[in-house]
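Good morning, and thank you for the time. I would like to walk through one model with you, from strand pairing to the packing of side chains.

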Amino acid sequence: MPMPAFPKALVAAACSLLCVAATPAGSGQPTATSPVMVVVSDLASTTSVVKLYFYNIRENFLKPGHYTMLKRVNPDGQSKLVLPVNLEPGEWAVAITQDVNNNDKLDKNMVGIPTEPYGFSNNFRPRLAAPDFDDCKFTVEGPGKVVTINLVK
């Protein structure tokens with residue numbers, strides 16, 4: 001007995017989903033990610049939002065709106081954050097700000113130096129200019145990576 005058209009289409013769709021799920025990485029499908037633990041210390045406020053900007057494209061580092069991923073975290077009374085994230089293998093850099101006055105931007109003085117807490121992966125401390133990607137990069141190669149960042153107040 002022939003199969004009606006609707007169940008036949010459903011079976012075809014299910015088979016194509018199974019084929020996609022079995023396709024190896026690097027063939028146009030999403031790549032596997034690895035768990036990374038980001039630890040942020042020295043928060044200036046236990047109630048103000050902390051923003052973590054993740055970059056994996058060198059040319060986009062610190063360009064407004066060009067981050068790969070943004071995480072907004074409320075410290076909920078804690079002076080330290082431990083945030084698990086899943087990142088694709090490769091080189092990454094993280095920039096962090098804490099919006100202590102809750103105006104949804106990083107406040108700066110007239111010279112352009114942040115007046116609110118900030119930090120970078122590798123605990124890089126800029127002197128006269130913003131860091132570049134190489135100053136802050138770390139490599140994700142598998143599970144177990146921990147990135148610790150102390151905020152500058």
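β2 and β5 run antiparallel and are joined by six bridges; two strands are taken to pair if DSSP finds at least two bridges between them.

The model is predicted, so to speak of local features a pLDDT of at least 70 is needed, and side-chain atom pairs count only at pLDDT 80 or more, while totals for chains, interfaces and linings use all residues. Residues are numbered from 1 along each chain as its sequence is written, and side-chain values use heavy atoms, leaving out hydrogens and water.

How many of the nine residues of β5 are buried? Seven are, so the strand is mostly covered; buried means under 20% relative accessible area, exposed over 50% and partly exposed in between, with a 1.4 Å probe and protein chains only.

I turn now to the nonpolar cores. Such a core is a set of buried Ala, Val, Leu, Ile, Met, Phe, Trp, Tyr and Cys residues joined through side-chain atoms within 4.5 Å. The largest one has 20 residues, of which V40, L52, F54, L87 and I96 touch the most other members. Elements giving two or more residues to this core include β1 (34–41), β2 (50–55) and β8 (145–150). The most comes from β4, with four residues. A second, separate core has nine residues, among them A93, Y118, F120 and F133. In soluble globular proteins, nonpolar side chains tend to be buried together.

Let me take L87 as an example. L87 lies in β4 and is buried, at a relative accessible area of 1%. Beyond neighbours within four places in sequence, its contacts, meaning heavy atoms within 4.5 Å, are T33, S34, V36, F54, M69, W92, F138 and V140. L87 and V140 are 53 residues apart in sequence, yet 7.3 Å apart C-alpha to C-alpha.

Finally, S41 belongs to β1 and counts as buried at 13% relative accessibility. Apart from neighbours within four places in sequence, S41 contacts S79, K80, I149, N150 and L151.
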